[in-house]
Amino acid sequence: NEVVNIHLSKKPEWFLEKINPLGKVPAIQKDDKIVYESAVCCDYLDQVYPGNKLIPDDPYQQARDRILVEHFGQVTTQYYKMLFGPSENCAAAAETLKKGLMEFDKEIQKRGDFFGGSEPRMIDFMVWPWFERFHATEKLVNQIFISDGSMPNLTAYMDRMLSVPAVQKCRLSTENHLEFYQSVKNGAPNYNVGL
Amino acid sequence: MSEKALGRGSQCPPLAPGTLRLYSMRFCPYAQRTRLALLHKNIEFETVNINLKQKPDWFRARNPIGLVPVLEFDDKIVYESNVCNEYLDNIYPTPKLIPTDFYRASRDKMLWETFGKVTELFYEIPKSVADGSLDKCIRRYERQLRRYESELSNRGEYFGGSSPCMVDFMIWPWFERIPVLTIIAPEAEIDPNKFPHLSSWMKLMMELPAVRETYEEPTSHVHFFSSLRAGNPDYDYGLK
């Protein structure tokens, strides 16, 4: 596969006209087929490349995994409030985010090494990107919500995920994330950090 | 079973083994999506309406997020309207509302996953009347509607072609509520000159049994919405 990175604050016209009128990434394209919305892309890839099936076949387990992703949306909402919302709301957002993460600290104990069980599956890849950014966020907004050792199961999970080859191949470092978010807050997003 | 909304302090009605139950609220557009799927597929189910302002503990135990729709069947619980509807389509595949072709299924999912761009305007348009930015809001509304008008023009009478599919049911509830919007903002009316396909589609949808069964008159929607804004939602409005 090939990757084309998009300048999201100055979107090329061709991206809006031919790929995604909503102007968001991710979007995937093969021949005349275009898919966007991350959850839809993931579903589609799992169906079309079923070699290592990441979404459970059982409809109920599929539904429960999707529900877990929706729960994680409550975490990500607080996350963006902390980063980009008014600074006076930051501490409250961090508190709420921490409460949300506690649910996941409990849930991982029920499921195994990964939310997908003994191996990482789609559910893990759907939530991982924000875990990858937590340390940078703590530094940026000066709020601790995961590094205080209060969620040992999640901390262990994060370590396990860092050893997964797919995660290693596409991750950015905490320093990269910090630099990017700082540039966004300064009003001039640097999409090429690390290149 | 009573249709009245059950709230704090109420008992959870016992659920018989093998019975599919929907936790719902009569005026909720998200719950209506799942009611439409259940009815169109002729699935047997019972309904328990929830007082969403004073949620019973037993409801929060089933969905910690505290929203409807929620499906319960023996030990299985599913919530989030899109998850409920995909689950129902898997378990009760006749008629199939999500295409078996992976790409077509993806294109359909994209249509309802991005419909939030329309639904958010249902809240913003009334606000924009108050703060003088209605014109700008209506332009955004029409731009989003054009995506659906254009898609529908490529597909047929329904988003499913000659018969309705999941997209039709996932977006219908908000089209039903346009008459509430137009009271405050007549500009939000779907103009058949600008949106000929969506206009015809709305009339066709109103002929579907599932749509008729879940339909509430504009006056009912207006009454409920006003009561909600006043802080005392009238969940049982219209019940004898």
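Biologist: Which residues of α7(B) are buried?
Modeller: B:Met166, B:Val167, B:Asp168, B:Phe169, B:Met170, B:Ile171, B:Trp172, B:Pro173, B:Trp174, B:Phe175 and B:Glu176 are the buried residues of α7(B). This is a predicted model, in which local features need pLDDT of at least 70 and side-chain atom pairs count only at pLDDT 80 or more, while totals for chains, interfaces and linings use all residues. Residues are numbered from 1 along each chain as its sequence is written, chains are lettered from A and ligands numbered from 1 in the order in which they are written, and side-chain values use heavy atoms, without hydrogens and water.

Biologist: Why is helix α7 of chain B called largely enclosed?
Modeller: In this helix (residues 166-176), 11 of the 11 residues are buried, so the rest of the structure largely encloses it. Buried means under 20% relative accessible area, exposed over 50%, partly exposed in between (1.4 Å probe, protein chains only).

Biologist: What makes B:Gly156 count as buried, partly exposed or exposed?
Modeller: B:Gly156 has 32% relative accessibility, so it counts as partly exposed. B:Gly156 is in the loop between α6 (134-155) and α7 of chain B. B:His197 is 41 residues from B:Gly156 in sequence, but their C-alpha atoms are 8.7 Å apart.

Biologist: Why is B:Lys109 said to form a salt bridge with A:Asp43?
Modeller: The closest N and O atoms of B:Lys109 and A:Asp43 are 3.0 Å apart, and the rule asks for a side-chain nitrogen of Lys or Arg within 4 Å of a carboxyl oxygen of Asp or Glu, so the pair qualifies. The rule finds 2 salt bridges across the interface of chain A and chain B.

Biologist: Which elements of chain A supply the side that touches chain B?
Modeller: β2 (33-36), α2 (38-48) and α3 (59-84) each supply at least two residues. α3(A) gives the most, 10 residues. The contact (heavy atoms within 4.5 Å) takes 23 residues from chain A and 25 residues from chain B.

Biologist: Does A:Asp105 count as buried or exposed, and what is its nearest side chain of opposite charge?
Modeller: A:Asp105 is buried yet has no salt bridge, and A:Lys106, the nearest side chain of opposite charge, is 8.2 Å away. A:Asp105 lies in helix α4 (residues 90-111) of chain A.

Biologist: What does A:Asp105 touch, not counting residues up to four places away in sequence?
Modeller: A:Asp105 touches A:Met151, A:Pro152, A:Asn153 and A:Leu154. A polar atom of the A:Asp105 side chain lies 2.9 Å from the backbone nitrogen of A:Leu154.

Technical notes: Helix = DSSP H or I, 4+ residues; strand = E, 2+ residues; numbered from the N terminus. Lys, Arg positive; Asp, Glu negative; His and termini not counted. Polar contact = N/O pair within 3.5 Å; in protein donor to acceptor, adjacent residues only side chain to side chain.
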